[in-house]
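Q: I would like to learn how to read a protein model feature by feature. Can we take one step at a time?

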Amino acid sequence: MLMVILFYRIDVIMLNEQFDASLVILRKRFCWNYTDIFFAKKNVHYSAKKVFTDENAEILRRLNHGDQLLYNALNETWYKQPEVQVPDFWDEVITYILIKVLRQQIEWLSNRGGGCLIVGTSVTA
C-alpha cells in the first residue's frame, strides 16, 4: 500500500546508474537548458570496494528486502517515463555526456593555467 501511495507522489524518478539520462529527463520535463543540469563533483572520495562473505551478503539482502522491492519498481517505472520513450532520447543523453566531458576538460585546463584541448585527451603546451 505504501508503495502505491509513494508512486502517486513521485513526479520524477532518477536512478544513480542512469544519472546523466535522469538529468536529461529533468531538463526536458522542466524546460531547462543544458547549463541548468551541469554539475561539478566536490569532495568525492573513492575507496576500495568491500568484499562480503556469502553469509553477510544474505543478511544484507534480507535486511534490504523492502528497499530492493522499491528499487525494482522504480527502476521499471523509470524506463516507462515518456521522455525515455522518445526515439532520439539516448542520442540526447550521449550529446549531453559529450558536452559535459568537454566542459570538464576546459575547466581542468583553465585551472592548470592553459594548454590546448584535443577531444578525448588533454595536452598541456
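**Reading the model**

A: Lys-100 is buried, with a relative accessible area of 12%. Keep in mind that this is a predicted model.

Q: Which side chain does Lys-100 meet in a salt bridge?

A: Side chains of opposite charge can pair when their charged atoms come close. Here Lys-100 meets Asp-20, at 2.9 Å from N to O. Lys-100 belongs to helix α6 and Asp-20 to helix α2, so this pair ties together parts 80 residues apart in sequence. Asp-20 is buried as well, at a relative accessible area of 16%.

Q: What does Glu-92 form a salt bridge with?

A: The partner of Glu-92 is Arg-27, and their closest N and O atoms are 2.4 Å apart. This pair also links distant parts of the chain, since Glu-92 sits in helix α6 and Arg-27 in helix α2, 65 residues apart. Both residues are buried. Arg-27, Lys-28 and Glu-92 are linked in a network of salt bridges.

Q: How many salt bridges does the count come to, and is Lys-80 buried or exposed?

A: The count comes to six. One of them joins Lys-80 to Glu-76, with the closest N and O atoms 3.2 Å apart. Exposed means over 50% relative accessible area, so Lys-80, at 55%, counts as exposed.

Q: How do I check the length of a helix, and what span should α4 have?

A: Count 1.5 Å a residue: the 14 residues of α4, 65–78, should span 20 Å, and the end C-alpha atoms are 20 Å apart, which agrees. Helix α6, residues 89–112, reaches 35 Å from its first C-alpha to its last, close to the expected 34 Å for its 24 residues.

Q: Which residues of α4 are buried?

A: They are Ala-73, Leu-74 and Trp-78. Seen down the axis of α4, the buried residues fall within an arc of 140 degrees, so they line one face of the helix. In α6 the buried residues include Phe-89, Val-93, Tyr-96 and Leu-109.

Q: What is the phi of Cys-31?

A: Most residues other than glycine have a negative phi. Cys-31 has a positive one, near 55 degrees. Cys-31 is found in the loop between α2 and α3, and is exposed, with a relative accessible area of 71%.

Q: In what order do the elements run from the N terminus?

A: The order is α-α-α-α-α-α-β-β, giving six helices and two strands. Of the 125 residues in the protein, 22% are buried. The protein exposes about 9800 Å², and carbon and sulfur atoms supply 58% of that area.

Notes:
Residues are numbered from 1 along each chain as its sequence is written. This is a predicted model: local features need pLDDT of at least 70, side-chain atom pairs count only at pLDDT 80 or more; totals for chains, interfaces and linings use all residues. Side-chain values use heavy atoms; hydrogens and water are left out. Helices (H or I, at least four residues) and strands (E, at least two) are DSSP runs, numbered from the N terminus. The expected span of a helix is 1.5 Å times one less than its number of residues. Buried means under 20% relative accessible area, exposed over 50%, partly exposed in between (1.4 Å probe, protein chains only). The arc is that of the directions from the helix axis to the C-beta atoms. Accessible areas come from the Shrake-Rupley method with a 1.4 Å probe; for residues, only the protein chains shown count as cover. A salt bridge is a side-chain nitrogen of Lys or Arg within 4 Å of a carboxyl oxygen of Asp or Glu.
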